[in-house]
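Subject: Structure handover

Hello,

Here is the structure I said I would pass on.

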Amino acid sequence: MSGQIVIQKAFKAFNRGSVNEVKAINGIDLTINDGDFITIIGSNGAGKSTFLNALAGSFFLDSGSIIMGGEDVTTWPEHKRAAKIGRVFQDPLLGTCAGATIEQNMALAKKRGKSRGLGLGVKGRDRAYFRENLAQLGLGLEDRLRTATGLLSGGQRQALTMLMATMVRPELLLLDEHTAALDPKTAQMILELTQEMVEQQNLTALMVTHNMNQAINLGNRLVMFHRGRVVLDIAGEEKQDLKVEDLLQRFAELRGDEELSDRMLLC
Amino acid sequence: MTMYAFYGALEQGFAYGLMVLGVYLTFRILDFPDLTVDGSLPLGASVSAVAITAGYSPVVAILMASGAGFLAGMVTGILNTKLRILHLLASILTMIALYSVNLRIMGKPNVTLLGQDTIVDWFTQFSGLPQYLSTPVLFCAICAVAAVVLVWFLHTEIGLALLATGDNPQMITSQGVNTHTVIIFGVGLSNAMVACSGALVAQNQGAADVNMGVGSIVAGLASVIIGETVFGDKTIFRAILAALLGSVLYRVAIALALGLKLGAFSITPSDLNLITALLVVIALTAPTMKQKFFSKGSAA
Amino acid sequence: MKKLGLIILAIVLFATPALCSEKTYTISVNQIVEHPALDALRQGFMDSLKEQGIKAEYNVHIAQGNAATNTQIASQILGEQPDLVLAISTSSAQVVAQKVKDRPILFTGVTDPVTAGLVKSLENPGANVSGMTDMSPMKKHVELIREILPSVKSIGVIYNSGEPNSIVLVNLLKKYSSEQDIGVVEGTIANSSGVYQAAKSLVGRADVIYVPTDNTVVSAIESAVKVCNQNHIPLIAGDVDSVKRGAVAALAVDYYLMGRQTGEMGGRVLRDGMKPADMPVESSKQLRLYINKKSSKSMGVKLPDSVISRADKIIE
């Protein structure tokens with residue numbers, strides 16, 4: 001089932017050999033333990049999202065390896081890795097099919113990692129199960145199984161995406177700034193949902209965020225990326241004692257006289 | 001419009017009905033603009049004509065034609081997914097190549113079916129109806145069967161994955177589906193239907209001709225648009241029914257125009273080309289219009 | 001007001017039969033596309049019937065080159081219940097033959113009616129379909145080429161490989177050429193824009209370039225004329241119009257006259273009640289020889305006196 005997730009000597013550069021070459025992942029070694037909830041922070045272009053995409057399989061590494069639960073997935077294509085991974089994207093519309101109904105979306109998610117055949121897509125007996133799950137969200141979606149998700153708000157779709165990402169228990173849950181595009185109230189709702197789900201199901205999760213408070217308050221481990229490398233890795237009590245100022249100072253040290261991003265100051 | 005002309009329009013509408021279903025499957029469901037149609041329609045016609053002339057039963061000939069169409073669609077799918085050629089371009093390449101393939105299959109540009117036993121002849125004998133009635137009934141029945149199978153298929157697990165692939169490829173990939181396989185299969189299935197339609201059309205008009213596919217995609221899109229506009233596409237079942245009825249309406253419109261003479265003014269078939277072109281423009285811009293209008297309303 | 005209308009209606013209804021002393025026949029025409037040769041066929045047919053004193057009302061349908069419309073027209077014609085159907089071109093004839101089984105059909109402008117499935121044989125058509133073939137007298141064309149250029153060793157032919165009629169003609173060309181120990185080289189095209197390229201490809205490989213009655217090539221004949229002028233290769237055509245446009249010579253069917261001959265066949269069907277099954281397929285009785293003296297100069301060939309004296313039309 002689950003196990004350690006080990007990334008070794010990972011390298012990835014885009015536009016190699018050209019003037020625009022970007023060393024997005026520049027030598028990362030990371031071991032994610034079973035049950036870790038890691039928040040990932042870093043300046044823009046540090047490689048956070050790229051790292052998540054590399055784990056998901058959106059592209060292949062130039063060199064290095066990724067081992068998940070004892071299996072070497074380095075050369076597995078994205079759809080094959082999907083059996084092990086649940087994803088929630090920054091774009092709240094990206095995780096669901098707008099033209100399909102809620103129950104159709106959930107039926108699709110229920111089959112993640114399993115082979116699909118000619119049986120009925122949305123089975124009658126699954127509907128009760130879907131309703132139960134949706135009720136937990138407290139958004140009234142359990143009464144709207146036959147509504148097209150395209151008619152829902154971004155927050156509702158993101159909540160649905162979270163449900164779908166965990167319906168089949170993932171070995172790794174990837175959350176890529178998944179509240180960034182939502183208004184504060186909805187963002188808070190999604191964040192609470194995140195914490196609940198991860199705790200209840202004891203999931204292993206990586207969460208990229210630009211929000212210092214989020215990064216400190218959630219999870220048991222914090223990792224800071226800079227220029228494609230891990231420059232800070234704090235867990236346990238040390239993490240709990242962290243303050244926003246500490247992180248900001250660390251940022252400043254790293255970037256010397258580079259300007260701090262407004263976004264971080266305003267959090 | 002005379003009764004014969006009306007039944008003629010019905011029979012055309014259903015003969016090309018499978019082609020319209022194929023176009024609907026690629027353009028609307030898979031979001032894959034597929035011009036292979038102009039080549040796979042005559043492909044189906046040539047394979048079935050050669051098979052019938054060689055002595056195979058019309059039904060077997062039609063199945064062979066569908067198989068050939070499936071292969072053609074697979075080629076387009078592979079060009080797009082594995083060789084990363086833009087879908088529009090990939091389909092044009094296949095379409096162009098099929099011209100030569102069709103010439104090879106027939107050995108000449110035109111194979112006549114006059115005097116051969118076609119599925120139309122068989123059904124006319126079987127039903128006892130006069131030919132101008134039996135033909136539309138037969139084609140309608142074939143379309144009905146195809147529509148039912150397609151609607152059922154789109155409700156299965158695989159069918160649902162196909163719908164999702166056209167709607168949101170990133171989402172369905174993260175749910176473990178190989179979109180490449182889906183696209184190759186989907187475009188293959190679409191062109192199998194188109195080729196089947198080509199086989200029916202050839203048996204209806206008495207010959208398979210290498211140039212008979214020119215303009216099919218335009219007629220197909222026009223039919224889809226008319227169907228959507230008139231009948232709506234709220235559910236899968238409705239959408240597929242709309243496509244078939246759109247095909248019939250399109251051909252009825254042509255029949256009406258052919259019979260129209262108002263004093264000095266008359267619509268000639270060449271005016272229909274302009275009207276069809278306008279409809280296609282609407283077909284291609286409607287989704288973007290919808291999106292623009294739509295995404296304003298659903299942001300959090 | 002209503003009463004007045006009824007009276008007028010009654011007068012018209014009673015008067016009309018009196019005005020019609022002869023029968024007016026209904027003739028439905030299916031023509032694949034508008035084209036000078038095909039239009040000439042239709043005009044010749046209509047003029048001939050008129051001169052025979054046969055009154056006819058025509059339903060003319062042009063399919064604008066569209067296969068689906070072509071099929072639609074056939075269904076339309078069923079509804080018109082004509083006394084005679086005139087089909088101009090192979091595809092128009094095929095679709096009408098498929099749909100209309102109980103009325104006489106005459107085709108014209110069809111090169112090979114047997115391969116097209118329209119008739120069982122030229123002598124015994126067999127069903128309700130007969131007509132005229134415009135098959136070029138290929139043997140005579142080869143003889144003409146030999147006459148104009150006695151030293152000819154190789155004939156280059158440009159044609160549309162997607163046009164069934166052209167394939168028939170080219171095969172005949174090869175047959176009659178080989179009988180005269182002349183070789184044939186081919187330049188095929190898929191559409192009119194390829195004519196120039198095809199002509200150029202034949203330079204150095206052919207002593208003479210021949211263009212059969214292929215609509216696609218003929219529509220762009222000027223390109224071939226240009227190449228032939230530049231390289232001093234004589235261009236012989238299969239239709240007389242091309243000579244006006246630059247070919248050196250052509251011995252061909254006059255489409256208007258062919259239309260008239262079809263009209264004579266039509267007269268036999270309508271007035272004498274003959275059945276197409278009993279009417280063998282006819283070919284044009286009269287051929288016309290056109291020559292273009294200007295082209296013969298620019299293409300570097302001397303037209304023999306025997307040819308000049310026989311010519312029906314000389315273009316300077």
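Two residues are taken to be in contact if their C-beta atoms, placed from the backbone, lie within 7 Å. Please keep in mind that this is a predicted model.

By that criterion, the contact between chains B and C takes 33 residues from chain B and 27 residues from chain C. On chain B, at least two residues each come from helix H1 (3-15), strand E1 (110-112), helix H10 (179-205), strand E2 (207-209), helix H12 (236-259) and H13. H1(B) has the largest share of the side of chain B that touches chain C, with seven residues. Sorted by class, the residues on this side of chain B are 17 nonpolar, 13 polar and three charged.

Chain B also touches chain A. Here 24 residues of chain B are in contact with 34 residues of chain A. Three helices of chain B each supply at least two residues to the side that touches chain A: H8 (157-167), H9 (169-174) and H13 (269-298). H8(B) gives the most, namely eight residues. The class count for this side of chain B is 11 nonpolar, 11 polar and two charged residues.

The axes of helix H3 (residues 102-110) of chain A and H8(B) come within 10 Å and cross at roughly 105°. Angles of 65 to 115 degrees count as roughly perpendicular, so H3(A) and H8(B) are roughly perpendicular to each other. H3(A) makes the contact with Gln104(A), Ala107(A) and Leu108(A), and H8(B) makes it with Leu160(B), Ala161(B) and Ala164(B). Five of the residues in this contact are nonpolar, one is polar and none is charged.

As for chain B by itself, it has 13 helices and two strands. Its radius of gyration is 19 Å, close to the 19 Å that the globule rule gives for 300 residues, so chain B is as compact as a globular protein of that length. Along the principal axes, the C-alpha atoms of chain B fill a box of roughly 60 × 50 × 35 Å. Of the 300 residues in chain B, 55% are buried. Among contacts in chain B with a separation of 6 or more, 77% are between residues 24 or more positions apart.

Regards

How values were computed:
Residues are numbered from 1 along each chain as its sequence is written. Chains are lettered from A and ligands numbered from 1 in the order in which they are written. This is a predicted model: local features need pLDDT of at least 70, side-chain atom pairs count only at pLDDT 80 or more; totals for chains, interfaces and linings use all residues. Helices (H or I, at least four residues) and strands (E, at least two) are DSSP runs, numbered from the N terminus. Ala, Val, Leu, Ile, Met, Phe, Trp, Tyr, Cys and Pro count as nonpolar, Asp, Glu, Lys and Arg as charged, and the others, Gly among them, as polar. Axes are lines fitted to C-alpha atoms, for helices over the stretch in contact, and angles run from 0 to 180 degrees between N-to-C directions. Angles under 35 degrees count as roughly parallel, over 145 as roughly antiparallel, 65 to 115 as roughly perpendicular and the rest as oblique. The radius of gyration is taken over C-alpha atoms; the globule rule is 2.2 Å times the number of residues to the power 0.38. A residue is buried if 20 or more other C-beta atoms lie within 10 Å of its own, exposed if 12 or fewer, and partly exposed in between; C-beta atoms are placed from the backbone.
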